[in-house]
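Here is a short report for a first look. Start with the structure shown below, then read on.

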Amino acid sequence: MELSHHKKQLIEDVGVLLEERANLSPLASRIYALLILSCYEGMSFEDVVTSMQATKSSVSSNLNVLLQLHYVDYYTKPGDRKRYFRTSQFYIKNTMEQQVHLIDKELKIVQKVNQFNKEHNPEKFKNEKSLGLLFQEHLEDQRTKINQKIEEINQFEKQA
């Protein structure tokens, strides 16, 4: 399966972002990007191997990681032994949940830094208090908004 130059570039761009955002390996992020940009029926294992120009074992192990993270699903067709891979039905929800997880981790650190400076660097805390608290508020606002969207997706899932 030959990919257009435009699709290859978009896979690379999306892959770089996923590598950073989802903490995926380079190949896993490119496979995930490929599946995001593929039709709903997904792709056979062989098509993924050909598109990625990687070894079967590398593609297989990276697809297994994506399966474990629930970023992708696979299915088989009656009478066909091939496995077909596609993004999980609500992969956007998975991405948003990952963002909330990262925000929670960052919030804990920001709170510790603010508390440390309050106790051990009172002058610095007094001068920078509003900056640390503004950043903490920003993270809390982001978490709230993302959680609201996740709830909207949950409602959509119930209707589907």
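## Charges

In this report, Lys and Arg count as positive, and Asp and Glu count as negative; His and the chain ends are left out. The model is predicted. On that count, the chain carries 22 positive and 22 negative charges. Their mean positions are 3 Å apart.

## Fold and overall shape

The chain has six helices and three strands. Read from the N terminus, the order is α-α-β-α-α-β-β-α-α. The globule rule gives 15 Å for 160 residues, but the radius of gyration of the chain is 21 Å, so the chain is more spread out than a compact globule.

The C-alpha atoms fill a box of roughly 70 × 35 × 25 Å along the principal axes.

## Surface and contacts

Of the 160 residues in the chain, 33% are buried.

Residues 24 or more positions apart account for 55% of them.

Asparagine 62 sits in helix H4, which covers residues 56–68. Is asparagine 62 buried or exposed? Its relative accessibility is 12%, and buried means under 20%. Asparagine 62 therefore counts as buried.

Which residues does asparagine 62 touch, leaving aside neighbours within four places in sequence? Its contacts are Ser25, Leu27, Ala28 and Ile31.

How values were computed. Residues numbered from 1 in each chain as written. Predicted model: local features only at pLDDT ≥ 70, side-chain atom pairs only at ≥ 80, totals over all residues. Heavy atoms only, no water. Helix = DSSP H or I, 4+ residues; strand = E, 2+ residues; numbered from the N terminus. Rg over C-alpha atoms; globule rule 2.2 N^0.38 Å. Buried < 20%, exposed > 50% of the residue type's maximum accessible area, 1.4 Å probe, protein only. Contact = heavy atoms within 4.5 Å. Charge placed at Lys NZ, Arg CZ, Asp CG, Glu CD.
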